[in-house]
Amino acid sequence: MTNPMRVLCLAALLSTSNQSTHSESFELEQAVEAGLPNDTLSLSKDGEEATAHPTVGRSIFSILLDESQNYNEEVQEPWLVRTADKAISWTACRACKVVAKGAHFVLDLKLLRWAFKEFCDVLSYLVYSKVLHYKTDHHKGIVKEQIMEGIVPVFFDQLFEEQNLCTFLFYLCDTDKWVQLNIQDFIDEQFMGSIGHRNHLQLDAGNSTSKEDLIKVVIMSDFHVDLKYTPGASNQCAEFVCCRKEAGMAQSEEQKAGQWGDYSCDLPEQTMVSMLSFVKEEIKPDTVFWLGDSVPHDPDSQ
């Protein structure tokens, strides 16, 4: 248990760290929540200000609050309660590990994986042929590549692995060895700073008056160019990709694939060439980021 005398000593040291103040107490919690900078700590009461030493005030300030909170928490939880809590946590952790090992053993059986694959084959066939009315047998490739080689290893092998299941999913084991990071907090800190102000990257870009300090960037992604695109072909068919000769020519204006593209189909080659020419001649970027995914939505082309 934390020694109460240490808290009192820290409080006395904080009150004497600056001789210019006569305040008997400070608004400690409000100052911390305000997110004051690390190099100074300004506290006030009744209009009077007291600036603590940068290396003393802040450190004492933080230690004092931590010690007070820990002391209060320990006082509120008797020894018997803490012991029971540890016993329950230990039991839950061990039970989870046993379940994880058993589940991993069962899911690793070849017979189970074969049965799961057959089930997916039948289900995908019914969906593609009876619901979507596709005439192709591409569902077999999707089951093999997307489900058996993509989804199954994640769920069967990784999800039920002991550490993933008991530590990262249910938070039952070894939680003191890992720190859960909040990616949004990291982004906010990088772009807004730790105390709510813009960081130097934003300030440099905002204060720059020279065009030489700025660059022009174009980011392109997901073209899905279809080299077999045929203007006038039907945009409705029983294939994965329409607007091709094999899909048949359109029987009405609503089904006719346009000269420069169709919302129901992938991108024509000439549309992509026209766009790239515009980027080169009109935008004139300093650099281009091509993020990929340029193939059509055709399993045979992928």
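A residue counts as exposed here when its relative accessible area is over 50%, and as buried when that area is under 20%. The legends below describe a predicted model.

**View 1. The protein chain as a whole, with its helices and strands.** The predicted chain holds 10 helices and six strands. Of its 302 residues, 24% count as buried, and the chain exposes about 21900 Å², of which carbon and sulfur atoms supply 58%. Among contacts between residues at least 6 apart in sequence, 61% join residues at least 24 apart.

**View 2. Helix 10, residues 269-283, with its buried and exposed sides.** Helix 10 has 15 residues and spans 20 Å between its first and last C-alpha atoms, a value close to the 21 Å expected at 1.5 Å a residue. T271, M272 and V279 are the residues to look for as buried in this helix; they lie on the same side of helix 10 because the arc they cover around the axis is only 100°. K280, E281 and E282, on the other side of the helix, are exposed. The cover over the buried residues of helix 10 includes strand 3 (217-220), strand 4 (225-226) and strand 5 (267-268). Just after the helix, K284 takes a positive phi of about 50°.

**View 3. The crossing of helix 4 and helix 7.** Two packed helices are described by the angle between their axes and the distance between the axes. The axes of helix 4 (residues 79-107) and helix 7 (residues 162-169) come within 8 Å and cross at roughly 145°, and the crossing is right-handed. Helix 4 contributes C96, K97, A100 and K101 to the contact, while helix 7 contributes E162, L165 and C166.

**View 4. Helix 4 along its length, with its buried residues.** With 29 residues, helix 4 reaches 42 Å from its first C-alpha to its last, close to the 42 Å expected at 1.5 Å a residue. Its buried residues are C93, C96, A100, A103 and L107; C96 and A100 also take part in the contact with helix 7.

**View 5. Y229 and the residues in contact with it.** Y229 lies in the loop between strand 4 and strand 5, and it counts as buried because its relative accessibility is 9%, where the cut-off is under 20%. Leaving aside neighbours within four places in sequence, Y229 is in contact with C243, A257, G258, G261, D262, C265, D266 and P268. The C-alpha atoms of Y229 and A257 are separated by 8.6 Å, although these two residues are 28 residues apart along the chain.

Definitions and conventions. Residues numbered from 1 in each chain as written. Predicted model: local features only at pLDDT ≥ 70, side-chain atom pairs only at ≥ 80, totals over all residues. Heavy atoms only, no water. Helix = DSSP H or I, 4+ residues; strand = E, 2+ residues; numbered from the N terminus. Expected span 1.5 Å × (residues − 1). Buried < 20%, exposed > 50% of the residue type's maximum accessible area, 1.4 Å probe, protein only. Arc of directions from axis to C-beta. Contact = heavy atoms within 4.5 Å. Areas by Shrake-Rupley, 256 points an atom, 1.4 Å probe, with all protein chains shown as cover. Axes fitted to C-alpha atoms, helices over the stretch in contact; angles between N-to-C directions. Left-handed = near helix turned anticlockwise from the far one by under 90°.
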